[in-house]
Every structure is written in C-alpha cells, then in structure tokens.
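Student: I would like to go through this structure with you and test each label against its cut-off. Can we start?

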Number of protein chains: 2
Amino acid sequence: MREKNKERVLALSGGVGGSKLAFGLSKMLPPDQLTILANTGDDFEHLGFTICPDIDSLLYSLSGINNSKLGWGQKGETWNFLSALERLGGETWFKLGDRDLATHIFRAAKLKEGLSLSEVTMLLADGMGASHRILPMTDQPVRTMIHCELGSLSFQNYFVKERCEPKVKNIKFEGIESAILNPAALDFIEQGLKAVIICPSNPFLSIDPILSLDGVVDAIKKQGCPVVAVSNIIGGAALKGPAAKLMSELGIAESALGVAKYYQERYPGLLTDFVLDQKDKHLENDIAMLDLSTSVTQTLMNSSERKKKLAADILNLVSKALSF
Amino acid sequence: MREKNKERVLALSGGVGGSKLAFGLSKMLPPDQLTILANTGDDFEHLGFTICPDIDSLLYSLSGINNSKLGWGQKGETWNFLSALERLGGETWFKLGDRDLATHIFRAAKLKEGLSLSEVTMLLADGMGASHRILPMTDQPVRTMIHCELGSLSFQNYFVKERCEPKVKNIKFEGIESAILNPAALDFIEQGLKAVIICPSNPFLSIDPILSLDGVVDAIKKQGCPVVAVSNIIGGAALKGPAAKLMSELGIAESALGVAKYYQERYPGLLTDFVLDQKDKHLENDIAMLDLSTSVTQTLMNSSERKKKLAADILNLVSKALSF
C-alpha cells in the first residue's frame with residue numbers, strides 16, 4: 001500500500017477568479033503538492049474548435065502569459081485574425097486572439113489525432129511552461145446549457161454572445177451522467193489530501209459541474225480533510241461573470257451568505273471552512289451558523305501579490321485547522 | 001439554344017505567376033468576361049484545415065489584399081499565431097499568418113457545414129471583394145503527390161517543408177480519375193470562348209492537374225478558339241517555384257522552348273499561341289517550328305502596371321488572331 005501524502009492540495013477552479021487563486025497557490029506549493037481540477041462545462045464548439053475557456057484561463061495564468069489588462073486571453077495579444085474573419089462575414093462574437101488561436105488549433109489537431117483532453121492539456125501546459133498539474137474534470141464532453149427565454153444556449157453563447165441578458169430558468173450539464181471523473185483526479189484524492197480548496201468561482205457554472213461528476217463528493221468526504229470554499233461574491237457583487245444576476249434569477253440571495261447557504265444545501269457535509277471578504281464581515285456570524293468555520297480576509301485579487309496573499313491565508317487556515 | 005458569347009476568356013492558373021496575370025486580366029475584362037480556373041492539386045491538409053494555396057493566391061490578388069513584398073499571403077500580415085504555436089511545439093513549417101488563418105478557418109467551417117469548395121470560394125471572394133469568378137478546377141479532392149527520394153510527399157511538404165531539395169522521380173495527381181471538372185467551368189467553356197489563356201504557372205504542378213481532368217481538353221478544343229500559353233520560364237530560370245529544377249529532374253530542357261515542347265507533346269493540338277519573354281527571343285524560331293504562333297513581350301510582372309500590360313498584350317494578340 002502506498003504511503004499517503006498528506007501535503008497535497010486539490011483546487012477546484014473555473015473562470016477567471018479561479019485561475020487567479022490557482023496562480024497564487026502555484027506560487028505557494030510545489031508542483032507535486034497541488035493539482036487543479038478544472039471545469040469543462042464552459043467548453044463549447046466554435047468555428048470547428050473545441051474551446052475550453054476555463055482550462056485556458058488556468059494555462060495562461062499558471063504559465064504567466066495571461067493578459068492581466070483584459071482579464072482573459074494572452075498578453076501581447078493581437079486581433080488580425082478576427083478582423084480578417086469579420087471581413088469574410090464569419091462569426092466574431094467570441095473574441096479569438098491571434099495567439100490564443102494557437103491553443104485552439106493545437107488542441108483540435110491533437111484531439112483529432114486521438115489524444116484525450118487530459119493529454120492535450122498536459123502538452124499545452126508543457127509548451128507554455130505551466131508546471132503545476134491542470135486536470136480537466138473529465139475527458140468526456142460536458143456542456144453547460146443555459147435554459148433561458150431564448151431557449152437552450154451553450155454557456156458561452158449566453159455569456160458572451162447574449163451578454164447574460166436573457167432571463168435564466170435553469171442550468172443543465174449535458175453529458176454529466178455519462179462523464180467519468182478524471183481518473184488522475186480520483187487517484188490524487190485517494191492518495192491523501194491536506195485540503196480541498198474551492199476557488200472563488202461561480203458555484204452554479206464552475207463548481208457544480210465538477211461536483212456533479214459521479215463519485216467526486218464522496219471521494220473528497222472520505223479523506224476527512226478541510227474543504228475550504230472561497231466566496232466568489234464580495235459585497236453583493238460578483239467581480240467577474242454573471243454570478244449575481246444568475247443567483248437572483250435562480251432565487252438565491254446575491255451575497256457571500258447566499259453562496260455559503262447554496263453550498264451547504266447542495267452538498268451537505270462537504271465544506272468545513274468558508275472564506276469571505278472583509279467587506280462581508282457582517283455576514284460572518286450568519287455563515288458560521290451554517291455549521292462552517294469562517295475566515296475573513298481580503299479576497300479581491302487585483303495583483304500577483306494579492307493572489308499569493310490569499311493563497312497563503314487559505315493555506316495557513318488549513319494548517320491551523322489540521323493542528324487542532 | 002443560348003446565343004454564344006464570344007467575348008469571354010478562360011484563364012488557367014496556379015501559383016503566384018498565375019495570380020499575377022489573373023490580376024492583370026481582371027483589370028482588362030469585366031467580371032462576366034473572365035473566369036479563372038484554379039489548380040487545386042496543391043491543396044493539402046494541415047493542422048485540421050484544407051489549405052488551397054492557389055485559390056488563395058487568386059483571391060488575395062484579385063481583391064487587392066495580397067502581400068506584394070512577400071509574394072504570397074495577405075498584406076499587413078502578422079505572425080503571432082505562428083509564434084504561439086511554435087512555443088507549443090506545433091508544426092510551423094507552413095507559414096500561416098494571422099489574417100490568412102481567417103481564410104482557412106472560414107473555409108474549414110463552411111466545408112464542414114456541407115458547402116462545396118466552389119461555394120466556399122465564392123463566399124470568400126464576396127467577403128474579400130474579388131468580383132471576377134474564381135473556380136476551383138474540381139470540387140473533389142485532388143492532391144499532387146511528389147514521388148521523390150524521401151517517398152511520396154504532398155506538394156507543399158516537398159515545396160515548403162523540404163524546400164524542393166529531394167530529387168523528384170515523378171508526380172501523381174491523387175484523386176484525378178474520380179474528380180469531375182467543375183461543372184460551372186464546363187458551362188463557361190460551352191457557352192463560347194474568345195480565348196483560353198494558360199497563365200505563366202508551372203506546367204507540371206499547376207496546369208497539368210487542370211488539363212488532366214476528364215473532358216477539359218476536348219471541351220476547349222471544340223471551341224476552336226485561340227489557346228495561348230505564357231512561358232513560366234524566363235532566360236532559363238523559373239521566377240518562382242521549383243519549375244526549373246523539376247523540369248531538369250524530369251528530363252526536360254529548362255527553358256521557354258522546353259515548356260513549349262512539353263505542352264505540344266503532352267497536349268497535341270491544344271495550344272495555338274505561345275508567349276515568351278524578350279530575354280528568350282532567340283528561342284522564338286525554334287518554338288514557332290513546333291507549329292505555334294509566337295509572341296515576344298515582357299513577361300516579368302513585378303508591378304501592377306506590368307501585370308496589366310502583359311494581360312493587354314495577350315488580349316491584343318488574341319484579337320489579332322481572331323481578326324484573320
């Protein structure tokens with residue numbers, strides 16, 4: 001039997017907020033102590049490519065080639081492909097940069113050769129110089145479909161093309177029933193964990209798809225390690241993305257408390273700790289009442305230093321929890 | 001029965017030399033009087049795209065967005081995709097520019113939707129603003145394979161990746177037996193032609209694939225119109241591409257005379273006129289001995305003016321031939 005390695009941390013991530021904390025964690029932990037499990041529900045097919053926005057955010061962030069001005073894509077990006085495509089009357093609503101295209105074209109070619117999404121992600125990480133492991137939550141296609149006034153839209157269609165304007169009725173993760181949790185992630189969990197960190201990503205769009213995969217919640221619970229969720233809402237506003245509007249349309253309070261309640265109701269007994277921003281300190285007692293340890297800190301990550309600081313705060317919190 | 005329109009010119013083109021003369025012709029003739037039949041033998045599959053270099057040379061040239069400095073691709077081109085792909089360890093031997101990629105991605109998406117190559121070419125021409133009709137020689141895939149020391153290579157592999165270095169044994173047009181001459185081209189021919197102009201393109205690589213399609217030579221001969229070939233060799237050197245080296249490896253003299261002889265032997269009774277450069281005037285008598293009317297002019301097209309001038313010279317030649 002393998003000796004269990006209790007130094008290892010699993011982070012669940014989707015979107016830009018997730019990739020920021022993942023970057024911070026990657027500066028605090030060596031590659032063998034951190035694995036990031038990425039949402040693939042936002043993946044979609046566009047212009048013949050399978051585009052994986054959440055994986056790419058992680059790849060770009062962890063390899064230091066992310067565009068921090070834009071908040072997405074690569075630094076030094078140019079847009080000549082897009083302007084040439086526009087002249088041709090092609091679909092330009094999804095902003096594919098010239099450098100970014102290399103990721104999509106490389107991925108499409110490798111997938112066509114028969115490599116799995118995990119294998120391609122590893123090649124991409126190698127090429128970009130991201131040394132911490134990024135695992136797609138599954139190698140089978142899962143597609144987050146937004147059922148709204150306009151019908152059923154892929155998430156990117158709803159998010160980018162329709163600018164989150166249509167009112168949302170519900171969210172479905174197409175393919176989730178037949179998708180299998182990435183075996184490398186299961187293996188990582190079962191070898192022993194120090195903690196699971198749920199990054200400040202949208203619970204419905206980024207975290208639910210991961211936790212909806214068969215077996216992942218049970219495998220994590222079985223470890224009995226701290227499971228820390230970081231609120232993606234600060235002071236009632238989602239920093240990025242449509243979280244707040246979605247929460248309200250789905251009947252959930254747009255606040256850190258709403259996020260904590262959602263996790264506790266949807267995944268009873270999973271979370272041990274909840275991290276909220278200083279601005280939401282007034283909610284701490286209510287969140288603690290949900291049977292969660294709470295920790296108040298600065299969760300806004302608008303610089304590399306802040307990303308590292310939040311990661312350090314969370315790792316300290318975990319260490320303290322474990323020392324009791 | 002339709003009245004025959006005898007004002008119309010069919011140009012056969014491949015490569016850069018062909019696109020230059022096609023540009024010149026497009027400035028001399030209105031769209032309804034000129035159709036350009038493009039070689040597709042150079043097409044190849046790369047990074048998941050079907051790339052059509054000869055069609056694209058025509059599209060870019062006729063819409064005025066060609067890069068005249070490079071001699072290929074689009075003007076104002078950038079290379080950020082390629083540099084990002086290089087970092088990933090992708091295949092970068094074929095120089096895909098950022099703007100150029102829009103053509104390939106658009107084409108691939110439309111082909112996948114079920115459009116024919118002809119239909120996609122029309123959409124591309126519309127988008128770029130090329131008003132003269134460019135027809136792929138066929139909608140079925142034909143692939144020029146170079147059988148050489150290294151085995152069997154696609155033309156672009158041989159030409160770009162291997163820089164024409166391997167010694168050529170022979171050339172095969174894979175798929176030519178089952179490929180059907182573009183019906184729109186056949187229709188254009190059968191409605192009556194003033195002339196056929198064989199552009200100064202490589203006879204083996206650019207013109208042979210077109211003329212190897214079942215029925216095209218007979219259909220042209222049936223029109224009884226002037227068929228003018230322009231030498232792609234000036235003073236013993238092919239201006240662009242591997243023509244001279246190939247000719248020598250296939251045992252044919254590297255000269256305008258060699259080109260004329262080749263056409264006469266391969267397609268007896270097809271050509272009526274042969275246009276050669278001033279530098280090759282000493283070969284005129286020998287070429288005339290091949291039962292060809294000859295015309296000596298400046299065939300080097302290193303400016304827009306020269307392209308138009310050569311087109312005008314050829315059209316004058318045709319008019320004179322018809323007035324006898």
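Predicted model: local features only at pLDDT ≥ 70, side-chain atom pairs only at ≥ 80, totals over all residues.

Student: What makes α1(B) largely enclosed by the rest of the structure?

Tutor: The count of buried residues. A residue is buried if 20 or more other C-beta atoms lie within 10 Å of its own. In α1(B), 12 of the 14 residues are buried, so the helix is largely enclosed. Among them are G15(B), V16(B), L21(B), F23(B) and L25(B).

Student: How do you know that the span of α4(A) agrees with its number of residues?

Tutor: At 1.5 Å a residue, the 16 residues of α4(A) should span 22 Å. The end C-alpha atoms of α4(A) are 23 Å apart, which agrees. G114(A) follows α4(A), and its phi is positive, near 105°.

Student: Why is α4(A) called largely enclosed?

Tutor: Because 12 of its 16 residues are buried. The buried residues of α4(A) include D98(A), R99(A), L101(A), I105(A), F106(A) and K110(A).

Student: What do the buried residues of α4(A) pack against?

Tutor: Elements of both chains. In chain A they pack against β4 (49-51), α2 (53-62), α3 and α5. In chain B they pack against α3 (80-87) and α4.

Student: How many residues does each chain give to the contact between the chains?

Tutor: Chain A gives 23 residues and chain B gives 23 residues. On the chain A side, α3 (80-87), α4 (98-113) and α5 (117-128) each supply at least two residues. The largest share, nine residues, comes from α4(A). By class, the side of chain A that touches chain B has 13 nonpolar, six polar and four charged residues.

Student: How are two packed helices described?

Tutor: By the angle between their axes and the distance between the axes.

Student: At what angle do α3(A) and α4(B) pack?

Tutor: At about 50°, with their axes 7 Å apart. That makes α3(A) oblique to α4(B). The crossing of α3(A) and α4(B) is right-handed.

Student: Which residues make that contact of α3(A) with α4(B)?

Tutor: From α3(A), they are N80(A), F81(A), A84(A) and L85(A). From α4(B), they are D98(B), R99(B), L101(B), A102(B), I105(B) and F106(B). These residues divide into seven nonpolar, one polar and two charged.

Student: Why are α7(B) and α9(B) called roughly parallel?

Tutor: The axes of helix α7 (residues 183-190) of chain B and α9(B) cross at roughly 15° and come within 9 Å. Angles under 35 degrees count as roughly parallel. α7(B) and α9(B) are therefore roughly parallel to each other. α7(B) passes α9(B) in a left-handed crossing.

Student: Which residues of α7(B) and α9(B) meet?

Tutor: L186(B), I189(B) and E190(B) in α7(B) meet A219(B), I220(B) and Q223(B) in α9(B). The contact divides into four nonpolar, one polar and one charged.

Student: What makes V217(B) count as partly exposed?

Tutor: V217(B) is in helix α9 (residues 216-223) of chain B. V217(B) has 18 C-beta neighbours inside 10 Å. Buried needs 20 or more, and exposed needs 12 or fewer. So V217(B) counts as partly exposed. Leaving out residues up to four places away in sequence, V217(B) touches L211(B), Y267(B) and L270(B). V217(B) and Y267(B) are 50 residues apart in sequence, yet 7.9 Å apart in space, C-alpha to C-alpha.

Student: How do you know whether D139(B) is buried or exposed?

Tutor: D139(B) has 20 other C-beta atoms within 10 Å. The cut-off is 20 or more, so D139(B) is buried. D139(B) is found in the loop between β5 (133-136) and β6 (143-148) of chain B. Beyond four places in sequence, D139(B) touches S116(B), L117(B), S118(B) and N182(B).

Student: And T144(A), buried or exposed?

Tutor: T144(A) lies in strand β6 (residues 143-148) of chain A. T144(A) has 28 other C-beta atoms within 10 Å, so T144(A) is buried. Beyond four places in sequence, the residues T144(A) touches include G41(A), F155(A), I171(A) and P209(A). T144(A) and P209(A) are 65 residues apart in sequence and 7.9 Å apart in space, C-alpha to C-alpha.

Definitions and conventions:
Residues numbered from 1 in each chain as written. Chains lettered and ligands numbered in written order. Contact = placed C-beta atoms within 7 Å. Helix = DSSP H or I, 4+ residues; strand = E, 2+ residues; numbered from the N terminus. Nonpolar A, V, L, I, M, F, W, Y, C, P; charged D, E, K, R; others polar. Axes fitted to C-alpha atoms, helices over the stretch in contact; angles between N-to-C directions. Parallel < 35°, antiparallel > 145°, perpendicular 65-115°, else oblique. Left-handed = near helix turned anticlockwise from the far one by under 90°. Expected span 1.5 Å × (residues − 1).
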